[in-house]
Amino acid sequence: MDPEPGPSSSAGTDPPPPPGPSQAPPQLSRYEAQKRRDWNTFLQYLRNHKPPLTLARCSGAHVIEFLKYLDQFGKTKVHAAGCAFYGQPNPPASCACPLKQAWGSLDALIGRLRAAYEENGGAPDSNPFAARAVRIYLREVRDAQAKARGIPYEKIRKRKRGGDGGGGSASSSGAAAGGSSSSSAVAPAGEVSGGGTSS
Ligand SMILES: [Zn+2]
């Protein structure tokens with residue numbers, strides 16, 4: 001099942017402004033206009049790439065590089081592991097952690113670019129935006145941001161309790177865990193997997 005980029009992730013959805021004076025015609029839908037802007041942004045990125053990079057030679061690794069490049073335009077605070085607000089959705093103060101692109105923005109962006117690539121003549125089986133590495137990267141970003149921001153983008157699989165519970169008897173979690181009875185026993189382990197790549 002694919003995670004739906006919900007409407008809650010409204011902050012920081014705007015990538016950098018499109019290069020050049022070309023404006024999308026007004027009859028385009030919002031999605032189509034955004035897709036065109038994203039595509040132009042990516043082509044511009046390729047043009048400025050050093051060493052030069054053509055679309056035909058673009059791989060999933062280059063797409064990931066592009067996503068990391070976009071982080072500098074992000075507006076979403078992602079706390080570092082050492083920050084006091086790590087894992088807090090609403091920190092009481094500001095901190096020096098960097099702003100990044102929210103996972104939901106990147107996920108939606110990749111979807112648009114994947115479509116644009118094929119609409120512009122790219123073959124589906126060479127689509128770098130559909131590369132497995134890109135899927136894996138997005139999943140890692142999602143999980144890392146969910147932890148850092150304290151916001152589960154979807155049901156977080158299994159909540160890890162402090163310490164490694166290597167006590168020998170690996171009984172069913174939740175039942176044997178004394179003290180605070182968490183609700184973690186409800187989530188079936190390993191059921192939620194993003195792209196079906198579970199190895
Ligand atoms: Zn922070």
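1. The mean pLDDT of the protein is 77, and 63% of its residues reach 70 or more; pLDDT is the predictor's confidence in each residue, from 0 to 100. The model is a predicted one, in which local features need pLDDT of at least 70 and side-chain atom pairs count only at pLDDT 80 or more, while totals for chains, interfaces and linings use all residues. Residue numbers start from 1 along each chain as its sequence is written.

2. Two residues are in contact if their C-beta atoms, placed from the backbone, lie within 7 Å. Where pLDDT is low, the predicted coordinates should not be read in detail.

3. Helices (H or I, at least four residues) and strands (E, at least two) are DSSP runs, numbered from the N terminus. Of the contacts with a separation of 6 or more, 68% join residues 24 or more positions apart.

4. Buried residues make up 20% of the 199 residues. A residue is buried if 20 or more other C-beta atoms lie within 10 Å of its own, exposed if 12 or fewer, and partly exposed in between, with C-beta atoms placed from the backbone.

5. Helix 2 (residues 60-70) has Val63, Phe66 and Leu67 buried. Seen down the helix axis, the buried residues of helix 2 fall within an arc of 100°, so they line one face of the helix; the arc is that of the directions from the helix axis to the C-beta atoms. These buried residues pack against helix 1 (30-48), helix 3 (103-119) and helix 4 (132-149).

6. The largest nonpolar core has 18 residues, of which Val63, Leu106, Ile110, Leu113, Phe129, Val134 and Leu138 touch the most other members. A nonpolar core is a set of buried Ala, Val, Leu, Ile, Met, Phe, Trp, Tyr and Cys residues joined through C-beta atoms within 7 Å. Helix 2, helix 3 and helix 4 are the elements that give two or more residues to this core, and helix 3 gives the most, with seven. Leu106, leaving aside its neighbours within four places in sequence, is in contact with Leu67, Gln101, Leu138 and Val141.

7. The axes of helix 1 and helix 3 come within 9 Å and cross at roughly 80°. Axes are lines fitted to C-alpha atoms, for helices over the stretch in contact, and angles run from 0 to 180 degrees between N-to-C directions. Helix 1 and helix 3 are therefore roughly perpendicular, a term for angles of 65 to 115 degrees. Helix 1 makes the contact through Gln34, Lys35, Asp38, Trp39 and Phe42, and helix 3 through Leu109, Arg112, Leu113, Ala115 and Ala116.

8. Two single residues complete the note. Gly111, in helix 3, is partly exposed, with 17 other C-beta atoms within 10 Å. Pro124, in the loop between helix 3 and helix 4, counts as exposed because it has 9 C-beta neighbours inside 10 Å.

How values were computed: Angles under 35 degrees count as roughly parallel, over 145 as roughly antiparallel, 65 to 115 as roughly perpendicular and the rest as oblique.
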